[in-house]
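My entries are below, in the order in which I made them.

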Amino acid sequence: MKIPKEPLQNKYFKYGITFLIVISSIWSASGLEITLERILDAPRQIGILVGAMFPLDLSEEALDRIIPKVWESLFIAWAGTVIGAFFSFPISFLAANNTSNSSISRIMKQILNAIRAFPELILAFVFLPITGLGPLTGTLAVGVHSIGTLGKLSSEVIEGIDEGPLEAIKASGGSKINELTFGVIPQVIPTITSYWLYRFEINLRASAVLGVVGAGGVGAELINQLRFRDFPRAGTVLITTIILVLTVDTISAAIRKRIIQGKVKKS
Amino acid sequence: MIKFENVSVTYPGGVQALKNINLEINEGDFLIIVGLSGAGKSTLLRATNNLVKPTTGEVYVDSRNVTSASKKELKQIRSDIGMIFQTFNLVNRSTVLKNVLTGRLSQVSSLRSIFGLWPKDQKDLAFESLNQVEILEKAYVRASNLSGGQQQRVGIARALSQKPKVMLADEPVASLDPITSRVVMSYLKKINTELGITTIVNLHFLDLAKEFGDRLIGLRDGELVYDGKVTDVSDKDFENIYGRSIKSSDLIGDDE
Amino acid sequence: MMNNLPKKPLPSALSVIGIPFSILFSFYSFLQIGFNLEDFKTNLQNRFIVTDPLFNPKWSWAIENASQAMVETIQIAILASIVGCFIALPLSFYASRATNKNTYSYFLYKSFLNLVRTIPDLFWAMLFTVAVGLGPFAGVLALIMFSIAIMGKLLSETIDSIDPGPMEAAKATGGTHNQAIFTSALPQVLPNFTAYFLYIFELCIRASVILGLVGAGGVGRIIETQRIFLRFDRISPIVVLILIVVIGIEQFSVWLRRKIL
């Protein structure tokens with residue numbers, strides 16, 4: 001019985017990766033001065049914080065401050081997504097290499113990449129001195145960033161369509177516009193719309209955070225309450241944010257599922 | 001060796017897959033089960049190692065009650081029963097050796113199997129089994145890189161490595177071409193005659209059943225409608241089992 | 001013959017209600033935000049406060065003062081993504097129907113993952129800075145939660161769609177449920193796990209820049225202090241450096257993914 005030998009590169013690869021992971025973790029941990037002591041003490045400290053948040057501050061005064069801000073986060077997220085969807089839609093056609101010519105498409109893709117690279121918060125920084133404190137800045141930051149991400153995703157959807165229907169339209173004498181309207185758009189609308197909704201879910205979290213720099217939303221409330229050590233109130237901010245995000249997530253996920261599945265409706 | 005006592009299986013949703021099956025299989029038997037899709041062949045096989053739990057009735061393997069066995073006992077019983085599947089059920093990204101070693105899972109501690117630290121004797125057993133189906137040289141090849149017939153042989157090796165008393169084969173050749181199917185069936189027959197392993201095979205190719213079987217069982221709508229020697233079975237019997245006349249798709253034929 | 005035309009199907013409830021609602025809600029949102037075209041135009045005049053320094057980057061200052069912090073940012077991302085993703089690995093198996101047959105525990109783990117997902121990373125950072133103090137440790141903890149959230153969702157959904165056959169085979173040989181998972185389910189999702197890990201690592205680098213804003217370590221701290229003084233001339237080189245690092249990692253992960261698969 002001739003037993004074959006195990007190829008060496010499998011073993012080396014596995015050991016190599018494990019080694020890399022362990023070494024980089026240790027290097028990072030020591031560089032950040034994270035000792036075992038601190039790690040072991042952390043649960044206790046977290047427990048103290050959580051404990052201090054209960055009972056939650058559900059007084060009218062607190063809710064009067066917090067609830068409008070929660071709504072504000074919702075509006076910022078929605079408006080920002082609308083801006084993103086509205087502008088990214090035409091841009092994505094310019095960026096997709098099958099609906100526009102190759103040089104324009106390449107340029108647009110680079111522009112979109114550049115916009116995408118900046119987190120919403122950094123964009124908010126840049127807009128703040130111009131548009132001032134308040135939700136408008138947040139909306140612009142979220143909106144511009146969304147144009148970048150949605151633009152890229154939408155252009156990829158467009159690039160991935162089935163060219164067959166377009167050919168058929170051309171063959172029956174349709175113009176390029178006809179091709180777009182009847183061939184491309186019906187194919188891409190469901191997926192792109194579901195991307196818009198997914199973006200909305202993510203933007204909601206971003207807009208909650210933007211308050212930290214004064215660009216509107218509930219983040220400012222949280223950081224203020226924490227600074228003033230008013231933990232029950234901070235807890236209320238957290239809980240209300242969680243409720244909002246969970247609700248939006250659930251509804252949005254259900255709608256997205258329906259949109260995608262709608263293509264395969266029961267006859 | 002294997003005894004079915006009044007076994008019925010009803011799936012949630014109301015489908016009754018087996019209706020009051022009474023069956024006795026002797027040690028060393030080579031049993032072939034035929035029947036239409038949905039007749040209950042798969043269910044019968046899976047009731048043998050309790051992958052499907054009978055709604056009523058008991059199954060005994062080697063005098064041990066499989067149906068009401070505890071978790072621990074069930075593991076023991078299953079380690080004596082090898083099973084091969086129509087879709088091979090190999091872990092595609094793992095090597096052939098790793099796949100065969102899963103046959104030894106019941107014999108090593110969880111920790112060892114999780115980290116892949118197999119002791120030498122277990123590996124040797126795996127190599128032996130691979131040798132018996134003549135693909136030892138492929139031990140370190142990724143399972144997905146093998147042909148269908150080779151993959152099924154790995155499945156057989158996996159079952160063999162358990163040193164089983166019983167071998168269950170659920171439509172083992174349904175996705176294979178005629179020549180490879182006969183190769184696989186020959187291996188199963190060889191294992192049965194040389195090692196005395198009680199073997200049950202589900203088939204839907206009737207000519208293959210006649211070629212390789214000793215004893216033949218026919219299921220129709222969850223009921224046992226034929227039980228006899230393969231040499232005694234006639235085309236009329238097959239029609240009775242199927243509830244219709246025989247079509248060419250029921251025969252594997254020869255390779256063109 | 002024309003009388004037998006099929007009835008045109010009614011548009012789905014979703015579009016009948018959804019589309020007008022979305023349009024109305026959009027107008028309402030913009031109203032609430034207080035978008036005023038005149039003010040906006042006036043404000044645009046101010047853009048030079050930002051754009052002048054922005055396009056005048058002070059590289060030497062950035063390299064001198066921000067390098068240590070950049071290393072810190074990367075270290076936070078490395079530690080958090082590794083620890084977070086490896087914690088998420090077992091959690092994901094518990095949060096998938098395919099590998100967790102116990103309805104109660106499945107529900108528990110799935111809800112836990114959903115809950116962790118709802119809290120934005122910056123919120124985690126704020127909470128941890130209060131709990132364990134300012135500095136990168138809080139940032140690491142926050143990003144661990146962030147990584148768990150993302151990996152948990154992605155991986156559990158992947159596990160939901162694996163081939164159950166190999167697991168059945170492993171159990172048929174007498175293996176325990178856990179043995180079946182390790183030998184037959186895990187290998188199936190390993191390529192996805194790796195891809196998700198690299199993706200999350202990249203996200204962590206970007207996120208850890210932001211976390212510094214609330215004192216959770218990394219280069220964000222410097223950006224924040226400079227921002228208050230409107231020193232965009234110092235911020236822009238830092239941001240560019242970060243972008244270079246992020247793009248570099250992106251290229252590396254594309255290369256690595258190609259090698260593994």
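I am working with a predicted model, in which local features need pLDDT of at least 70, side-chain atom pairs count only at pLDDT 80 or more, and totals for chains, interfaces and linings use all residues. Residues are numbered from 1 along each chain as its sequence is written, and chains are lettered from A and ligands numbered from 1 in the order in which they are written.

Entry one. I looked up helix H9 (residues 219-227) of chain A, where the buried residues include A:Leu222, A:Ile223 and A:Leu226 (buried: 20 or more other C-beta atoms, placed from the backbone, within 10 Å of the residue's own). Among the elements that cover the buried residues of H9(A) are helix H8 (176-210) of chain A and helix H6 (121-132) of chain C. Just after H9(A), I noted a positive phi of about 60° at A:Arg229.

Entry two. I found that the axes of helix H6 (residues 135-159) of chain A and H8(A) come within 9 Å and cross at roughly 150°, which makes H6(A) roughly antiparallel to H8(A) (angles over 145 degrees). The residues making this contact include A:Gly138 and A:Ala141 of H6(A) and A:Tyr195 and A:Trp196 of H8(A) (contact: C-beta atoms, placed from the backbone, within 7 Å).

I turned to the contact between the chains, which takes 45 residues from chain C and 46 residues from chain A.

Technical notes:
A residue is buried if 20 or more other C-beta atoms lie within 10 Å of its own, exposed if 12 or fewer, and partly exposed in between; C-beta atoms are placed from the backbone. Helices (H or I, at least four residues) and strands (E, at least two) are DSSP runs, numbered from the N terminus. Two residues are in contact if their C-beta atoms, placed from the backbone, lie within 7 Å. Axes are lines fitted to C-alpha atoms, for helices over the stretch in contact, and angles run from 0 to 180 degrees between N-to-C directions. Angles under 35 degrees count as roughly parallel, over 145 as roughly antiparallel, 65 to 115 as roughly perpendicular and the rest as oblique.
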